[in-house]
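Here are my notes on the model, point by point. Please read them with the coordinates open.

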Amino acid sequence: MLAKLRALVQRLLRYRLARWRRPRAFYLLTRRLRPLSTSAGVDRGSPVDRYFIEKFLEANRDCVRGVCLEVKDNAYTLRYGGDKVARGDVLDVNPENTQATIHADLRDLKPIADNTYDCVILTQVLQYIDDLGAAVRECARVLKPGGTLLATMPSLGKLDGQADNVFGHYWRLTVDSARYLFGKHFAPERLQVQGWGNVLVGLSFWIGLAREELSRRQLDYFDPEFACGVTVRATKE
């Protein structure tokens, strides 16, 4: 317990030092060509987008139950499903991921039978998939009737993805494009698509501020003309 507390204090001090060395107040005045953080604010605290991702999962935690599938690890399955989860599978295309229970491509989930999962969690995954239609189709196929896909996607942000056997960063989605994409495989009345963000949130995320540097009021204000990301809750008939 003492070691965990010491690690927490050291991490908080490190965040404060990073913010002090690269203060947000002077960023625009100095007209810098590089962001404050190249790691989405991880060195300053928590990434801005994780606030919205975790808020979305918290609001839909009733869906995280039974047999679940998550990509890369099962951290969100465990956090939001708890003892409601009977089994939590982990999917990854990277054969070196020892946490994965299924090594397969999201575009063609051959090892998984139809109607297997009560919940599929895809947080910030689909931007790395070239064939989005195939990925969403496969997710719909492996869901049980009444099962739910919980997905989040960026509308803006740093281009990355050249690691972990992921070789491209292909897409940015809007509320309209997400509704069109998922609407091919899920009935409109079972599809909830929402955006998040505003100008300040988008600027903060773009230059690498941490979510702790924004107030709750600033984070929760939504301007649909300046959305920064998309959340999707899609339930199979």
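**Notes on the fold**

1. Start with alanine 40, in the loop between α1 (2–21) and α2. Helices (H or I, at least four residues) and strands (E, at least two) are DSSP runs, numbered from the N terminus. Alanine 40 has phi near 60 degrees, a positive value in a residue other than glycine. Its relative accessible area is 27%, so alanine 40 is partly exposed. The cut-offs are under 20% relative accessible area for buried and over 50% for exposed, with partly exposed in between (1.4 Å probe, protein chains only).

2. On provenance, this is a predicted model: local features need pLDDT of at least 70, side-chain atom pairs count only at pLDDT 80 or more, and totals for chains, interfaces and linings use all residues. Residues are numbered from 1 along each chain as its sequence is written, and side-chain values use heavy atoms, with hydrogens and water left out.

3. The sheet is open and has seven strands. Their order is β3-β2-β1-β4-β5-β7-β6, with mixed pairing. Two strands pair if DSSP finds at least two bridges between them. β3 (102–103) and β6 (191–196) are the edge strands, each with a single partner, so one side of each has no neighbour in the sheet.

4. Helix α2 (residues 48–59) packs on the sheet. The helix touches β4 (117–123), β5 (143–154), β6 and β7. Contact means heavy atoms within 4.5 Å. The directions of α2 and β5 make about 165 degrees. Axes are lines fitted to C-alpha atoms, for helices over the stretch in contact, and angles run from 0 to 180 degrees between N-to-C directions.

5. Now the pairings. β4 and β5 run parallel over six bridges, and valine 120 has leucine 149 of β5 as its bridge partner. β5 and β7 are antiparallel over seven bridges; methionine 153 stands opposite valine 230 in β7. β6 and β7 (residues 229–235) are also antiparallel, over six bridges. There, leucine 191 has alanine 234 of β7 as its bridge partner.

6. β4, α4 and β5 form a right-handed β-α-β unit. Right-handed here means that, with the strands pointing away from the viewer, the path from the first strand over the helix to the second runs clockwise. Nine of the 12 residues of β5 are buried, so the strand is largely enclosed by the rest of the structure. α4 is mostly covered too, with eight of its 11 residues buried. Among them are Leu132, Val136, Glu138 and Cys139. The buried residues of α4 pack against β4, β5 and α5.

7. Which residues have the most contacts inside the largest nonpolar core? They are Leu106, Leu126, Leu149, Phe182 and Val232, in a core of 34 residues. A nonpolar core is a set of buried Ala, Val, Leu, Ile, Met, Phe, Trp, Tyr and Cys residues joined through side-chain atoms within 4.5 Å. β1 (66–71), β4, α4 (132–142), β5, α5 (175–183), β6 and β7 each supply at least two residues of this core. α4 gives the most, with six.

8. Phenylalanine 182 touches Leu126, Val136, Leu149, Ala151, Met153, Leu191 and Val232, not counting residues up to four places away in sequence. A second, separate core has 12 residues, including Ile53, Leu57, Cys63 and Val64.

9. Check arginine 233, in strand β7. Its side chain makes a polar contact of 2.8 Å with that of asparagine 60. A polar contact is a pair of N or O atoms within 3.5 Å; within protein, one must be able to donate a hydrogen and the other to accept it, and residues adjacent in sequence count only if both atoms are side-chain atoms.

10. Helix α6 (residues 199–207) has Val201, Gly202, Ser204, Phe205 and Ile207 buried. These buried residues pack against α2, β6 and α7 (216–220). Asparagine 198 caps the N-terminal end of α6, with a side-chain oxygen 2.9 Å from the backbone nitrogen of leucine 200. Just after α6, glycine 208 takes a positive phi of about 95 degrees.

11. Last, the loop between β3 and β4 holds asparagine 115. Asparagine 115 has a positive phi of about 55 degrees although it is not a glycine. Alanine 113 is in the loop between β3 and β4, and touches Arg141 and Val142, not counting residues up to four places away in sequence.
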